[in-house]
Amino acid sequence: MTDHYPAQSHPQPYTTGAHPYDTAAPPFDGGPSYPPPPPYDPVAHEEPAQPAAHRARARRPVALIAAVALIAAVVGGGTSALVQHFADNGSDSAGSAVNGTTVSRTTAGTVAGVAQAVSPSIVEINATTSAGESTGSGVIITSDGEIITNNHVIAGADTVKVRLDDGTAYTAKVVGTDPDKDLALIKLDGAKGLKAAALGDSGKVKVGDEVVAIGSPEGLTGTVTSGIVSALDRDVTVAKDQAPGQGQGQGQDQGQQGGGGNWPFEFGGQEFNGDTGSSKTTYKALQTDASLNPGNSGGALINMNGEIIGINSAMYSPSSATGSTAGSVGLGFAIPIDTVKGDLDALRDGGSS
């Protein structure tokens, strides 16, 4: 029989009965003799031990992930992004930086959230006339200082001073007026970088919607009240011009002794807060039970998304109350913001007389 295997030199010849792998079968007659495989040694098959420094590096990404997850759980948000960042990088990331933005818990839909977001856009207006001084409110609509207010707040004013929510004071000029809609546009001198209010859609307002009012009643800048929309499309009639012996609008009448501090208006054939005079106009208004007091005129009526839906313009006071003794009884009115937006271009062009 021909040997198909090359002759090899082995350290140990094949023997029977002396090796644990030995069997009763005799060796193959005429074939080459091969040594049996060595006995299995589990120690010899172990993986070589890693150096201590290498083992420490191998566990480091896991430790980093655990630390990141713990920190993120404390400050809130971003855990998965940070874990992914370290999991994708198996090397030591101690020198790398993670960019992010701190996000606070949302307060949308709350009075506190609306007040915080919109108050920087509401101003106090002090108008000085030959009859005295009165206080009203206004809404910033551009970052360079355009402000919407009521015409009756600045009617006949010789000078107009404006104070922002942070106390900064400006002089303003009257850009345009529309007595028919009881609207006016003024502009601050030298202003820039102001926070403009977001103008909403008064056509979507429904009775029962929650609202927030911000203004300067009795000169108390940044006063916040809240309520609901009580009715839509109320026909409110107001005087176009300042009537003799009357304070300007719902401003705090500081220069008149005995003068009415509330802008008179008519509703349903009745007069409220005094005589409206012979020159008057009627507009559709939103009715609200949010507390409005002298000085709220020209301020904002705001929905719960922080959008301006109306410019507060009139409030009912008991007939026996005058000046600063007048107070809210839950009957307030605001010019819909859609009316304001429709009149804005005309106001910028000077408005109508």
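These are my notebook entries on one predicted model.

**Overview**

I began with the whole chain. It has 353 residues, and buried ones make up 39% of them. I found five helices and 15 strands.

**Confidence**

I checked the pLDDT before going further. The chain mean is 74, and 59% of the residues reach 70 or more. Residues 64–104 stay under 50, and the model gives them 18 contacts beyond four places in sequence. Residues 243–261 are also below 50. Where pLDDT is low, the predicted coordinates should not be read in detail. I left both stretches there.

**The cores**

Which residues have the most contacts inside the largest nonpolar core? I noted Val139, Ile148, Ile302 and Ile308, in a core of 29 residues. Helix 5, residues 337–348, gives the largest share of this core, with four residues. Apart from it I found another core, of 16 residues, which includes Ile140, Ile154, Leu164 and Leu188. In soluble globular proteins, nonpolar side chains tend to be buried together.

I then listed what Val139 touches, leaving aside neighbours within four places in sequence. Its contacts include Ile148 and Ile308, and also Ser121, Glu146, Ala197 and Gly298.

**Helix 5**

I turned to helix 5 itself. It has twelve residues and reaches 16 Å from first C-alpha to last, close to the 16 Å expected. Its buried residues are Ile337, Val340, Asp343, Leu344 and Leu347. Why do they share a side of helix 5? They cover an arc of only 150 degrees around the axis, so they sit on the same side. An α-helix has 3.6 residues a turn, so residues three or four places apart point the same way. On the face turned away from the buried side I found Gly342 and Asp345, both exposed.

I looked for what covers the buried side. Strand 3 (146–149), strand 5 (169–178) and strand 14 (307–315) are among the elements that do. Strand 15 (332–336) is another of them. After helix 5 comes Gly350, with a positive phi near 110 degrees.

**Helix 3**

Helix 3 covers residues 111–118, and I noted Gly113, Val114, Ala115 and Val118 as buried in it. These pack against strands 1, 8, 9, 13 and 14.

**Thr288**

Is Thr288 buried or exposed? It counts as buried, because its relative accessibility is 0%. Thr288 and Ile228 are 60 residues apart in sequence, yet their C-alpha atoms are 5.8 Å apart. Ile228 is one of the residues Thr288 touches, along with Val211, Ser230, Leu301, Gly330, Leu331 and Gly332. The Thr288 side chain also reaches the backbone nitrogen of Ala290, at 3.0 Å.

**Positive phi**

Most residues other than glycine have a negative phi. I looked up two with positive values. Glu218 has a phi near 55 degrees. It lies in the loop between strand 8 and strand 9. With a relative accessible area of 24%, Glu218 is partly exposed.

Asp233 also has a phi near 55 degrees. Asp233 is found in strand 9. What is the relative accessible area of Asp233? I read 54%, so Asp233 is exposed.

Methods:
Residues numbered from 1 in each chain as written. Predicted model: local features only at pLDDT ≥ 70, side-chain atom pairs only at ≥ 80, totals over all residues. Heavy atoms only, no water. Core = buried A, V, L, I, M, F, W, Y, C linked by side-chain atoms within 4.5 Å. Buried < 20%, exposed > 50% of the residue type's maximum accessible area, 1.4 Å probe, protein only. Contact = heavy atoms within 4.5 Å. Expected span 1.5 Å × (residues − 1). Arc of directions from axis to C-beta. Polar contact = N/O pair within 3.5 Å; in protein donor to acceptor, adjacent residues only side chain to side chain. pLDDT = per-residue confidence, 0-100.
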